[in-house]
Amino acid sequence: MIQLAILQVTAEAGFAEGSTILFLLALVFFIFLNGIIAQWKGYPFWIGSVSGIVLFLGTILFLIMPFNKKTRTKCPYCIEHIAKDAKKCKHCGEWLGKDGLEDNARSKP
């Protein structure tokens, strides 16, 4: 059951089939490294291990979450991500959209 979940996560993330072993090795590394660091700082090993699991799963979830391209786009002036229906870029302050682009073109020499 756990192996199927790991295979599904690695497949959704676009990793090759052989990367399941790498996935498991990274998980074990996170668990033991955090457990050892916790012991070194005077906490029980299991607290570090649990924090290692949480840290690892949070990293994996962050990596496999798709960027929502339906609601975001790039500003043509500064190439930062902004909302698709934005009228003004929050990063560079340029006006966007048909009316905003025409106003900018007329006001600039």
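Predicted model: local features only at pLDDT ≥ 70, side-chain atom pairs only at ≥ 80, totals over all residues.
Trainee: In what order do the elements of the protein chain run?
Mentor: The order is read from the N terminus on. The elements then run α-α-α-β-β-α.

Trainee: Which element of the protein chain has the lowest mean pLDDT?
Mentor: pLDDT is the predictor's confidence in each residue, from 0 to 100. The mean for the protein chain is 75, and 66% of its residues reach 70 or more. Strand S2 (residues 81-83) has the highest mean of the elements, 85. The lowest mean, 50, belongs to helix H4 (residues 97-107).

Trainee: How many contacts does the stretch of residues 99-107 have beyond near neighbours in sequence?
Mentor: Over this stretch the pLDDT is below 50. A contact means heavy atoms within 4.5 Å. Beyond near neighbours in sequence, the number of contacts of residues 99-107 in the model is six.

Trainee: How far apart are the end C-alpha atoms of helix H3?
Mentor: The expected span of a helix is 1.5 Å times one less than its number of residues. Helix H3 (residues 45-64) has 20 residues, so the span should be 28 Å. The separation in the model agrees with this: 29 Å.

Trainee: Which residues does Asn34 contact, leaving aside its neighbours within four places in sequence?
Mentor: Asn34 lies in helix H2. With a relative accessible area of 17%, Asn34 is buried. Its contacts, with those neighbours left aside, are Gly48, Ser49, Ser51, Gly52 and Leu55.

Trainee: How many aromatic pairs does a search of the whole structure find?
Mentor: Rings of Phe, Tyr and Trp (its six-membered ring) pair if their centres lie within 6.5 Å; planes under 30 degrees apart count as stacked, over 60 as edge-to-face and the rest as tilted. Ring pairs link Phe29, Phe30 and Phe56 into a cluster. The search of the whole structure gives a total of three.

Trainee: Is the pair of Phe30 and Phe56 stacked or tilted?
Mentor: Phe30 lies in helix H2 (residues 19-40) and Phe56 in helix H3, so the pair ties together parts 26 residues apart in sequence. Phe30 is partly exposed at 25% relative accessibility, whereas Phe56 is buried at 4%. The ring centres are 5.3 Å apart and the planes stand at 55°, so the pair is tilted.

Trainee: How far is the sulfur of Cys75 from the closest cysteine sulfur?
Mentor: A disulfide is a pair of cysteine sulfur atoms within 2.5 Å, and a search of the whole structure finds zero of them. Cys75 is buried, with a relative accessible area of 1%. The closest cysteine sulfur is in Cys89, too far for a bond, at 3.7 Å.

Trainee: Which cysteine sulfur is nearest to that of Cys89?
Mentor: Cys89 is buried too, at 2% relative accessibility. Cys89 is in no disulfide. At 3.6 Å, the nearest cysteine sulfur is that of Cys78.

Trainee: Where is Ile79 placed?
Mentor: Ile79 is not a glycine, although its phi is positive, at about 60°. The place of Ile79 is in the loop between strand S1 (72-74) and S2.

Terms used
Residues numbered from 1 in each chain as written. Heavy atoms only, no water. Helix = DSSP H or I, 4+ residues; strand = E, 2+ residues; numbered from the N terminus. Buried < 20%, exposed > 50% of the residue type's maximum accessible area, 1.4 Å probe, protein only.
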